[in-house]
Amino acid sequence: AIPDRVKNAYISAEDKNFYKHMGIDFLALSKAAFDMGEAKLSGRQGRARGASTITQQVAKNFLLTSDRTIDRKAKEAILSLRIERAYPKEKILALYLNVIFLGLGSYGVAGAALGYFDKSVRELELHEVAYLAALPKGPNNYHPYRQTEAAIERRNWVIERMFVNGYISATEAEEAKAKDLSVRPRKKGSYLAASEYFSEEVRREILERYGEDQLYEGGLSIRTTLDPK
């Protein structure tokens, strides 16, 4: 149910060869190793290039810890190969996009769309999609208010990668880069904790009307009579 533009943004930002590799991107790994060796020889300091595929991130998020150890990376690689054999690419991508932490208490792109822009994931504009795709590497590093400049720079990098990968036109890219972050966090309050019965009744009614597939996989945006004030 996630729009193609959202998928394309995350693939461009995190794993451009997602549909080609079998869980591990050996080309990206070799580039990362080369960069690390070059940096050591020249005495430069810096953050190592990320080479984890989306499949590896799924393996880590669901089954492993975030420890930076060789043992964990080895397990991650083995699990990634097994996940690729067990699931189709779209299933792996769905697992990733629905659980990844994106800051502001949001897990998954649908939650982040509401949390950052008060929109459903289908209502997002290109510059908003690109900003959400900029967040997996570290939401706090690209906080919309505390790290605005870094956030815009990273967002524009994602837009550029989408253009290079053929997902958007040059005109679309330039128009999106020219826009502000336009983050409008969704209002939160104690009323959310007091509305469980109301929400459950809505869930049952939607289930009865449209069925389980539409309820959980239809990408629905549901408006109710609940007054948050």
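The model is a predicted one, in which local features need pLDDT of at least 70 and side-chain atom pairs count only at pLDDT 80 or more, while totals for chains, interfaces and linings use all residues. Residues are numbered from 1 along each chain as its sequence is written, and side-chain values use heavy atoms, with hydrogens and water left out.

**Entry: the chain overall**

I looked up the secondary structure, taking helices (H or I, at least four residues) and strands (E, at least two) as DSSP runs numbered from the N terminus. The chain has 11 helices and zero strands, so I noted its pattern along the sequence as α-α-α-α-α-α-α-α-α-α-α. Of its 229 residues, 38% count as buried. For the surface I used the Shrake-Rupley method with a 1.4 Å probe, where for residues only the protein chains shown count as cover; the accessible surface comes to about 14,200 Å², and carbon and sulfur atoms hold 53% of that. I then turned to contacts, meaning heavy atoms within 4.5 Å: among those between residues at least 6 apart in sequence, 60% join residues at least 24 apart.

**Entry: helix H1 and its cover**

I asked how many residues of H1 are buried. Nine of the 11 are, so H1 is largely enclosed by the rest of the structure. The buried ones are Val6, Lys7, Asn8, Ala9, Tyr10, Ile11, Ser12, Ala13 and Glu14. Their cover includes helix H3 (54-63), together with H5, H6, H7 and H8.

I next followed the packing of H1 (residues 4-14) on H8 (residues 148-164), whose axes come within 9 Å and cross at roughly 105 degrees. That makes H1 roughly perpendicular to H8. For this I kept to axes as lines fitted to C-alpha atoms, for helices over the stretch in contact, with angles from 0 to 180 degrees between N-to-C directions; angles under 35 degrees count as roughly parallel, over 145 as roughly antiparallel, 65 to 115 as roughly perpendicular and the rest as oblique. On the H1 side the contact is made by Arg5, Asn8, Ala9, Ser12, Ala13 and Glu14, and on the H8 side by Arg154, Trp157, Val158, Arg161 and Met162. Sorted by class, the contact has five nonpolar, two polar and four charged residues, where Ala, Val, Leu, Ile, Met, Phe, Trp, Tyr, Cys and Pro count as nonpolar, Asp, Glu, Lys and Arg as charged, and the others, Gly among them, as polar.

Leaving aside neighbours within four places in sequence, Ala13 is in contact with Ala133, Arg154, Trp157 and Val158. Ala13 and Val158 are 145 residues apart in sequence, yet 5.6 Å apart in space from C-alpha to C-alpha.

**Entry: salt bridges**

I counted as a salt bridge a side-chain nitrogen of Lys or Arg within 4 Å of a carboxyl oxygen of Asp or Glu, and the structure holds 17 of them. Glu84 pairs with Lys89, the closest N and O atoms being 2.9 Å apart, and both Glu84 and Lys89 are buried. In the pair of Glu125 and Lys119 the closest N and O atoms are 3.7 Å apart; Glu125 is partly exposed at 36% relative accessibility, whereas Lys119 is buried at 13%.

Lys177 and Glu160 also meet in a salt bridge, at 2.6 Å from N to O. This pair links distant parts of the chain, with Lys177 in helix H9 (residues 170-177) and Glu160 in helix H8, 17 residues apart. Lys177 is partly exposed at 23% relative accessibility, and Glu160 is partly exposed at 28%.

**Entry: positive phi**

Most residues other than glycine have a negative phi. Leu104, although not a glycine, has a positive phi of about 50 degrees; Leu104 lies in the loop between helix H5 (89-99) and helix H6 (109-117) and is partly exposed, with a relative accessible area of 33%. Asp118 likewise has a positive phi, near 55 degrees, and sits in the loop between H6 and helix H7 (126-133). Asp118 is partly exposed, with a relative accessible area of 44%.

Methods:
Buried means under 20% relative accessible area, exposed over 50%, partly exposed in between (1.4 Å probe, protein chains only).
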